[in-house]
Amino acid sequence: MTEKPAAMGRAAIWTLVIVSAASFMAALDNLVVTTALPSIREELGGGLSDLEWTVSAYTLSFAVLLMFGAALGDRFGRRRIFLVGLAVFTAGSAAAALSPEIGELIAARAVQGVGAAVMMPLTLTLLTAAVPRAKRGLAFGIWSGVSGLAVAAGPLIGGSLTEHFSWQWIFWVNVPVGLVLLPLAFLRLGESRGEAGRTLDVPGTVLVSLGMFGIVLGLIRGNPDGWTSPLVLGALIGGVLLLAAFVRYEQSVAAHPVLPMRLFRVRAFSAVNAASLLMYLGMFGSIFLISQYLQGVGGFSPQEAGVRMLPWTAMPLLVSPLAGILSDRIGGRPIVVTGLALQAVGLALFGLVVDGSTGLDYVAQLPAIVICGIGMSLYFGPTAQLVMASVRPQEQGIASGANNAMREVGGALGVAVLAAVFSARGGYQSAEAFTDGLVPALYVGAAAVALGALAAVFVPRRSGVRVEAEGERAGSPAEPARI
């Protein structure tokens, strides 16, 4: 007699609702400012590098502290630290809305990123603990669909609020949501912890944070200051050296590393994280520029620009849950590879259209936008399942933090790299100059995502949790997982 799969109980449903809402806010603020950038530049001033930092201050602080946030949850309690992160994110949102100058806005965005970094990796571990194994594919699909919707809807929501209210409302909207979620999370989420006795890896966190900051700083300042300037060279070289020191420290010194390097000996873990970094590099940088293109070259208002991204926006909500269910049946690898390939095709097609005689014809742009939306949707849900299946249960918090960190690092690098390509080949001087910069930037983004699809091919079709012999010696035998 076949055993009936366990149903999602009330606690699991509440957990899914709360963590999905929190993830929506955190993911939304990645790109919600993109359609508001022209209005922010008009009111607060600043050049291209300031606009880049308005986006990157959030994604960078988010990226480099994600793994530390996961470690905090494992040590002090995931619900408790989730509440702290949610409170910091809500306060940072209010500070961003009240910012009188571009510098204050960038600082407030960094505070938002800190709060998001603390709460975001814990959403997956809280969800994994609350949802029965047989329903996790569906739950991850819904969670990922909501997160993907937030990323893609950022330009629409930001544009609508900017046009009908003001750019400050793209941050004010987080405050009431955060105030509602705080008591709900306190009352409805269950508490859980990671490995007992785990210490915090502060030196490792400092090394990776400073290293990533140096690389992004160098990329952002490369074109305006010159690639051979002392600041740019020093930042890039220093960033690389600090990241090398981070890897060395994590391998040889850290008793409880924030990112155990042994995880990367698992082919599934390495491949899916490489794919995530490249996916976000191409996607984030492209959306950063496309949103400005639709306003500056297309002549659309902020809301009109967001509406024209709507086919991209709607796809994650429709497709991601189905992709999660399908991954339970056939495995996640073919779905992720297909999604990344479609995303690459969509970005390249958008570049071809923009570069052609029908560049401003929305009907000509629409197929590329739809393909990008479908591709992104197929990527989100199965990726979460691949990551969580590649490690032991007690290391899922670390794995979640690492994968989210790779995504955000990719996003920060994407904005910096594609903006560098854009400013090297074009600029804001005219519609023609903007197009001249946008087209090669989109091709670079498409190439990055295509490399991500190639990396995803190396995810094994079937794999157990074979992290290292230490787990087996500790009495935690690997359980085969269909990924």
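This is a predicted model: local features need pLDDT of at least 70, side-chain atom pairs count only at pLDDT 80 or more; totals for chains, interfaces and linings use all residues.
## Two helices at an angle

Helix α1 covers residues 10-31, and helix α4 covers residues 78-97. They pack at an angle of about 40°. Their axes are 12 Å apart. The crossing of α1 past α4 is left-handed.

Which residues make the contact? From α1 come Ile-18, Ala-22, Met-25, Ala-26 and Asp-29. From α4 come Phe-82, Leu-86 and Phe-89. Seven residues of this contact are nonpolar, and one is charged. None is polar.

## The whole protein

How many helices and strands does the protein have? There are 18 helices and two strands. The radius of gyration is 21 Å. For 483 residues, the globule rule gives 23 Å. The two values are close, so the protein is as compact as a globular protein of that length.

The C-alpha trace spans about 65 × 50 × 45 Å along the principal axes. Of the 483 residues, 59% count as buried.

## Thr-15, a residue of α1

Thr-15 lies in helix α1. Is Thr-15 buried or exposed? Its relative accessible area is 3%. Buried means under 20%, so Thr-15 is buried.

Set aside the neighbours of Thr-15 within four places in sequence. Thr-15 is then in contact with Leu-126, Leu-127, Ala-130 and Leu-189.

## Ala-412, a residue of α16

Where does Ala-412 lie? It lies in helix α16, which covers residues 396-425. The relative accessible area of Ala-412 is 0%. That is under the 20% cut-off, so Ala-412 is buried.

What does Ala-412 touch, not counting residues up to four places away in sequence? It touches Ser-56, Thr-59, Leu-60 and Val-216. Gly-204 gives another reference point for Ala-412. These two residues are 208 residues apart in sequence. In space they are 20 Å apart, C-alpha to C-alpha.

Technical notes. Residues are numbered from 1 along each chain as its sequence is written. Side-chain values use heavy atoms; hydrogens and water are left out. Axes are lines fitted to C-alpha atoms, for helices over the stretch in contact, and angles run from 0 to 180 degrees between N-to-C directions. Helices (H or I, at least four residues) and strands (E, at least two) are DSSP runs, numbered from the N terminus. A crossing is left-handed if the near helix is turned anticlockwise from the far one by less than a right angle, and right-handed if clockwise. Contact means heavy atoms within 4.5 Å. Ala, Val, Leu, Ile, Met, Phe, Trp, Tyr, Cys and Pro count as nonpolar, Asp, Glu, Lys and Arg as charged, and the others, Gly among them, as polar. The radius of gyration is taken over C-alpha atoms; the globule rule is 2.2 Å times the number of residues to the power 0.38. Buried means under 20% relative accessible area, exposed over 50%, partly exposed in between (1.4 Å probe, protein chains only).
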